[in-house]
Amino acid sequence: TTGLPTIDTSERAIVDGTGIVPRSFDVQLGNALPSTAAFLLTNFTQASLVVQGISVWVDPNAASTLLALVDNTGKASVTFHMPPDASLYGVPLNHQYFVLDPAGAGGLASWTQGLAQQIGTW
């Protein structure tokens with residue numbers, strides 16, 4: 001692909017503490033190598049590491065790693081469903097995609113920048 005893979009969200013991470021409106025958001029990948037696999041790393045804390053030539057902006061310790069299949073246009077997405085729990089207000093979320101890409105660092109992967117969010121309310 002031209003340039004680097006991109007990361008974005010469909011909307012803010014919002015919790016409805018009343019439990020009336022179920023909330024969710026997508027962490028979206030764009031401009032990735034088409035028809036390959038990507039991994040979304042998500043954690044509450046950030047990092048600034050270089051591993052095998054790959055910049056890692058999300059703390060890999062105790063992080064959630066989710067598989068996403070990249071479509072033929074270079075896009076993928078992972079949906080997060082938010083429980084109606086007001087104690088989540090203010091909790092940080094950090095995300096980063098890693099895409100299997102032989103043209104990437106060490107013939108292994110390309111990656112996005114980090115994406116930081118904070119869970120909020122209406």
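Guide: Strands are DSSP runs of E with at least two residues, numbered from the N terminus. With that in hand we can read this predicted model, in which L40 is found in strand β3.

Visitor: How many helices and strands does the protein chain have?

Guide: The protein chain has zero helices and 10 strands, and read along the sequence the pattern is therefore written β-β-β-β-β-β-β-β-β-β. The radius of gyration is 15 Å, close to the 14 Å that the globule rule gives for 122 residues, so the chain is as compact as a globular protein of that length. Along its principal axes the C-alpha trace spans about 50 × 30 × 20 Å.

Visitor: Which strand has the lowest mean pLDDT, and which the highest?

Guide: Among the elements of the chain, the lowest mean pLDDT, 94, belongs to strand β8 (residues 92-105), and the highest, 98, to strand β3 (residues 37-43). The protein chain as a whole averages a pLDDT of 93, and 98% of the residues score at least 70.

Visitor: How should I read a sheet, and what is the order of the strands in the open sheet of three?

Guide: In general, the strands of a sheet pair through backbone hydrogen bonds, either parallel or antiparallel. Here the open sheet of three strands has the order β1-β2-β7, with antiparallel pairing. Strands β1 (6-9) and β7 stand at the edges, each with a single partner strand, so one side of each is left without a neighbour in the sheet. From one strand to the next, the twist averages 15 degrees.

Visitor: Which residues of β1 lie on the covered face, and which on the uncovered one?

Guide: The general idea is that in a regular strand the side chains alternate between the two faces of the sheet. In β1 the covered face holds I7 and T9, while the uncovered face holds T6 and D8.

Visitor: Let us return to L40; is it buried or exposed?

Guide: A residue counts as buried when its relative accessible area is under 20%, and L40, at 0% relative accessibility, is therefore buried. Leaving aside neighbours within four places in sequence, L40 is in contact with I7, V27, S64, T65, L66, V78, F80, H95, Q96 and Y97. One of these, I7, belongs to the covered face of β1. The C-alpha atoms of L40 and T79 are separated by 11 Å, although these residues are 39 residues apart along the chain.

Visitor: Where does P84 lie, and is P84 buried or exposed?

Guide: P84 lies in the loop between β7 (76-82) and β8. The cut-off for an exposed residue is over 50%, and P84, with a relative accessible area of 51%, is therefore exposed. Not counting residues up to four places away in sequence, P84 touches V15, D16, G17 and G19.

Technical notes. Residues are numbered from 1 along each chain as its sequence is written. This is a predicted model: local features need pLDDT of at least 70, side-chain atom pairs count only at pLDDT 80 or more; totals for chains, interfaces and linings use all residues. Side-chain values use heavy atoms; hydrogens and water are left out. pLDDT is the predictor's confidence in each residue, from 0 to 100. Helices (H or I, at least four residues) and strands (E, at least two) are DSSP runs, numbered from the N terminus. Buried means under 20% relative accessible area, exposed over 50%, partly exposed in between (1.4 Å probe, protein chains only). Contact means heavy atoms within 4.5 Å. Two strands pair if DSSP finds at least two bridges between them. Axes are lines fitted to C-alpha atoms, for helices over the stretch in contact, and angles run from 0 to 180 degrees between N-to-C directions. The radius of gyration is taken over C-alpha atoms; the globule rule is 2.2 Å times the number of residues to the power 0.38.
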